[in-house]
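Try each task yourself before you read the solution.

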Amino acid sequence: MEGSERSAEGVRDGRRNQKLRTRRALLDAAAELLRAGHPVTIADAAEAARVSTATAYRYFSSPQELLRETRTLMRAPDLTADLPADPAGRVDAIVARVADMQLANEPAWRAMLNASLERSLKQGDDGPEDEFPVRSRNRLDLTRTALAPLTDTLPPAALRRLTMALTLVYGVESLVSTRDVCELEATEAKEVMRWAARSLLDSALREETED
């Protein structure tokens, strides 16, 4: 009897491990599609993972769900680690790190931007709320972290305006603007983002001292 129980438990463990391997294969396949700049669909991820589409749908009910977990899998290292104490150094470090991360893997970031724009169009202003947000607040949170030492230096309104302005000059939209519209090489694109961020910070601090 004891041997039968061990055998049954071994079968259950085997099935559980197989399910985990299949799920990870689908996530890895979706990540590769993103890195290659392709849209992520359940069918394409299933084909790349060498499983049936029906099987893939048992793990992920929609492309949005698959993309959400894939983005978690591809999550970048801590961009706020070991930041300098001064605001200028902190802003420059954040902008440079984000630029390095995104310029090193442009196709994946462009695919993520494309997916978010498609969701935005489908959802519409009056459409149902999607549990998978159209865009995340990660960049806004990074900017706030970079500017944290200025909380007692700038008035709340000025700090808010600077935060929003800085959030505009780096990230995937800035990548597209500098690379496609301005036709800059990656190195110059990064330097333009850093210069824009420094200029905004300098302007905000100068306005405060002049007042």
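**Exercise 1. Which pattern does the chain follow, read along the sequence?**

Before starting, note that this is a predicted model, where local features need pLDDT of at least 70 and side-chain atom pairs count only at pLDDT 80 or more, while totals for chains, interfaces and linings use all residues. Residues are numbered from 1 along each chain as its sequence is written, and side-chain values use heavy atoms, with hydrogens and water left out.

Step 1: Reading along the sequence gives α-α-α-α-α-α-α-α-α-α.
Step 2: Tally it up, and you get ten helices and zero strands. Helices (H or I, at least four residues) and strands (E, at least two) are DSSP runs, numbered from the N terminus.

**Exercise 2. Find out what percentage of the residues in the chain is buried.**

**Exercise 3. Describe the surroundings of Thr167.**

Step 1: Locate Thr167 in helix α8, residues 156-168.
Step 2: Check its cover: the relative accessible area is 13%, so Thr167 is buried.
Step 3: List the neighbours. Leaving out residues up to four places away in sequence, Thr167 touches Arg139, Leu140 and Thr143; contact here means heavy atoms within 4.5 Å.
Step 4: Look at the side chains of Thr167 and Thr143, which are joined by a polar contact of 3.2 Å. That term stands for a pair of N or O atoms within 3.5 Å; within protein, one must be able to donate a hydrogen and the other to accept it, and residues adjacent in sequence count only if both atoms are side-chain atoms.

**Exercise 4. Is Lys190 buried or exposed, and which residues does Lys190 touch?**

Step 1: Lys190 sits in helix α10, residues 186-210.
Step 2: Its relative accessible area is 18%, so Lys190 counts as buried.
Step 3: Skipping residues up to four places away in sequence, Lys190 touches Ala96, Ala99, Asp100 and Leu103.
Step 4: Take Ala96 from that list. Lys190 and Ala96 are 94 residues apart along the chain, yet their C-alpha atoms are separated by 6.7 Å.

**Exercise 5. Work out which residues line the largest cavity.**

Step 1: Define the search. On a 1 Å grid over the protein atoms alone, a cavity is a set of points where a 1.4 Å probe fits but cannot get out, and lining residues have an atom within 4 Å of a point. Grid points are joined across faces, edges and corners, and a volume is the space filled by probe spheres set on the points.
Step 2: Searching the whole structure turns up one cavity of 30 Å³ or more, and the largest cavity has a volume of about 40 Å³.
Step 3: Its lining is made of Val91, Ile94, Val95, Thr143, Ala146, Leu166 and Tyr170.
Step 4: Two or more of these residues come from each of α5 (87-103) and α7 (138-146), and α5 gives the largest share, three residues.

**Exercise 6. Where is Arg50 found, and what is its phi?**

Step 1: Arg50 is in the loop between α2 (42-49) and α3 (53-59).
Step 2: Although Arg50 is not a glycine, its phi is positive, about 65 degrees.
Step 3: Its relative accessibility is 78%, so Arg50 counts as exposed.

Terms used: 1 Å grid on protein atoms, 1.4 Å probe; cavity = no way out; pocket = protein on both sides within 12 Å on 5 of 7 lines; lining within 4 Å. Buried < 20%, exposed > 50% of the residue type's maximum accessible area, 1.4 Å probe, protein only.
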